[in-house]
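Work through the following exercises with the structure in view. Each task is followed by a solution in steps.

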Amino acid sequence: MVALANRIRLEDRECPLSTTVEHVGEWWTLLILHDAFDGYTRFDQFQESLGISSSMLTTRLKTLVADGLLERRPYQTNPVRHEYVLTELGHSLRPVIVALAAWGNSRLTPAERSMILVNAHSGEEVEPVVVDAKTGRRLDDSDTYVFTAGPAASDAMRHRYATRPATPSEA
């Protein structure tokens, strides 16, 4: 990890996208979280669903617990067995998983989609979008909505956004 950290720019170490990817950007992590959102809690359930090796699953679950996304709870005493339950922080990642799945489905025809998001009560398919909480406007327009340095930004991060290329609407 030290060798990797040396190759990362300072602004990447403080970037919320970079730090988030550090926690959830690994392939198995996203799939485990997806299963947790579907109600899986036990080691054998995750392993059967994902076809993942027990050593890899053990490693990923330990990381998810250490990162505060899952909580390890005993559900049986003799022998001791544990389940892995989403924490509040883990639950807060659901919109991210939903958005990733929606992006994947957007490239497919409706007949090619193996998984869709539906309203649990009506069964009607829904189309997830990311919107601004204040205005309700979609955030997928990168001419209208841009990242900039925040109050805690380092000089390197401030420089990154002070010198970023102009968007087509700014040119």
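Contact means that heavy atoms lie within 4.5 Å. The model is predicted, so to speak of a local feature a pLDDT of at least 70 is needed, side-chain atom pairs count only at pLDDT 80 or more, and totals for chains, interfaces and linings use all residues. Residues are numbered from 1 along each chain as its sequence is written, and side-chain values use heavy atoms, with hydrogens and water left out.

**Exercise 1. Overview**

Task: state how many helices and strands the protein has, and in what order the elements run.

Solution. Helices (H or I, at least four residues) and strands (E, at least two) are DSSP runs, numbered from the N terminus. The protein has 9 helices and 2 strands. Starting at the N terminus, the order is α-α-α-α-α-α-β-β-α-α-α. Of the contacts with a separation of 6 or more, 34% join residues 24 or more positions apart. Of the 171 residues, 20% count as buried; buried means under 20% relative accessible area, exposed over 50%, and partly exposed in between (1.4 Å probe, protein chains only).

**Exercise 2. A residue in α4**

Task: find where A36 is placed and which residues it contacts beyond its neighbours within four places in sequence.

Solution. Step 1: A36 belongs to helix α4. Step 2: its relative accessibility is 10%, so A36 is buried. Other buried residues of α4 include W28, I32 and F37. Step 4: A36 and L70 are 34 residues apart along the chain, and their C-alpha atoms are separated by 8.9 Å. After α4 comes G39, which has a positive phi near 105 degrees.

**Exercise 3. Aromatic rings**

Task: count the aromatic pairs and classify each one.

Solution. Step 1: take the rule. Rings of Phe, Tyr and Trp (its six-membered ring) pair if their centres lie within 6.5 Å; planes under 30 degrees apart count as stacked, over 60 as edge-to-face, and the rest as tilted. The count is 2 aromatic pairs. Step 2: the ring centres of W27 and W28 are 6.3 Å apart and the planes stand at 80 degrees, so this pair is edge-to-face. W27 is exposed, at a relative accessible area of 59%. Step 3: Y40 and F46 make a tilted pair, with 6.4 Å from centre to centre and 35 degrees between the planes. Y40 is partly exposed at 29%, while F46 is buried at 0%.

**Exercise 4. The largest pocket**

Task: describe the volume and lining of the largest pocket.

Solution. Step 1: define the term. On a 1 Å grid over the protein atoms alone, a pocket is an open set of points where a 1.4 Å probe fits, with protein on both sides within 12 Å along at least five of seven lines; lining residues have an atom within 4 Å of a point. A volume is the space filled by probe spheres set on the points, which are joined across faces, edges and corners. Step 2: the largest pocket holds about 1,600 Å³. Step 3: 48 residues line the largest pocket, and P95, V96, A99, L100 and V130 lie nearest its centre. Step 4: α8 gives the largest share of this lining, 12 residues. Step 5: the lining has 30 nonpolar, 7 polar and 11 charged residues. Here Ala, Val, Leu, Ile, Met, Phe, Trp, Tyr, Cys and Pro count as nonpolar, Asp, Glu, Lys and Arg as charged, and the others, Gly among them, as polar.
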